[in-house]
Structure formats: C-alpha cells, structure tokens
Amino acid sequence: HWTTRGPGQWTGWCIPWASILCSRLGLSDAAVLWLHFWKRNFTNVGHGTLHDAGIAGVTAWNAGILFERNFQYANHQAEREIMQMDAGMGAVSAVLELLVQCRRDGVYVLPNIPRHWRDFSFANIGAEGAVRLGARVVGGRVVEIQVTALHGGPVRIVHGGRKSTRLNSSHLVISY
C-alpha cells in the first residue's frame, strides 16, 4: 500500500523505516536504494539529518517550498533546516537490518545480501541471546560467520536463508 502511494508526504525519518521494512520482506536491493535516497535528499552538506527534503520537489515536506510562491527560498535552504535525529538513528538501524535480524525463530545473519555488495565484512554486532556476530562476504557469497556467546545459552543462528545452527558453546565459526 505505501509503495503505491509513494513518498510524497514522507519526511526524513520515514525513509529509513521504508528501508527496514524492505529488509524484513527480503527486498535488500530496495532497502539499499531507500538509504541512498535518504542520504541524497534528507541530509545536508555536512551530512546532518533533515526532517524536510533538502531538494525542492522531492516531497511535499521540504520546508514549505511547494506551498510558497517565493521559489527563491530554494537557494537559502540552510537558513530553514530542521535537524532530525530519528532519521539518523533509523538509517543506522536500517543498515544493521541488512546484516542481522532478530526474529521469533532465531537470529538471521545476512538473510538477503544486496546484489551490489560484493566484498565486505562486519564484526561485533550485538543481537538477542547475548551474542556478538560477524561475517565475511567475498564475491557476493558468505565465506564465514563468527558467533560469540557472551553469557552462554542456546541461540538459534539462521544463515544462508535456510540453514540454521544452534549455538551451545561460547564461540562458533561457520566457514563455507
């Protein structure tokens, strides 16, 4: 429903939430695209987050530019910026959702790798069950997942979309 309506009425914090929803639905490429859209349209020159779009015509929420007759305002955006921290923290959460998702049936590591993310790694992401997770991707394929339990206890790790491993020790490395 929200896709068909479009982002015309969205403000800065809405875009990272769209990315998170896409990640949870397995639409990782769309999730990344929304983050790029957010960065381009809802951050200022210094990368501060904005409530209203910084580019006139992107949404109706760009400091009233669509509602004012004086379009000279577009050259004076910095004078009327509204800082918005929710979007910045939402964007961080959206990136984490692309890497690790905590669901009812387990902790998912790299559930859907975006197609343009070819070579990368991450480490020490905290997740439910008191675990720290890391992984390495080469050529778009997972080559290693590291799991460290901080308090010991069973945790179900789901990786590769279907495979699952139950962690019963303090450290586990899954190599492919």
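Modeller: Contact here means heavy atoms within 4.5 Å. This is a predicted model, in which local features need pLDDT of at least 70 and side-chain atom pairs count only at pLDDT 80 or more, while totals for chains, interfaces and linings use all residues. Residues are numbered from 1 along each chain as its sequence is written, and side-chain values use heavy atoms, leaving out hydrogens and water.

Colleague: Thanks! Which residues does Glu 81 contact, leaving aside its neighbours within four places in sequence?
Modeller: Glu 81 is found in the loop between H3 and helix H4 (85–99); helices are DSSP runs of H or I with at least four residues, strands runs of E with at least two, both numbered from the N terminus. Leu 50 is 31 residues from Glu 81 in sequence, yet their C-alpha atoms are 6.7 Å apart. Beyond its sequence neighbours, Glu 81 touches Asn 44 and Leu 50.

Colleague: Is Glu 81 buried, partly exposed or exposed?
Modeller: Buried means under 20% relative accessible area and exposed over 50%, with partly exposed in between (1.4 Å probe, protein chains only). Glu 81 has a relative accessible area of 31%, so Glu 81 counts as partly exposed.

Colleague: Which strand has the lowest mean pLDDT among the elements of the chain?
Modeller: pLDDT is the predictor's confidence in each residue, from 0 to 100. The chain has a mean of 84, and 82% of its residues reach 70 or more. Strand E3 (residues 120–127) has the highest mean among the elements, 97. The lowest, 64, belongs to strand E7 (residues 163–167).
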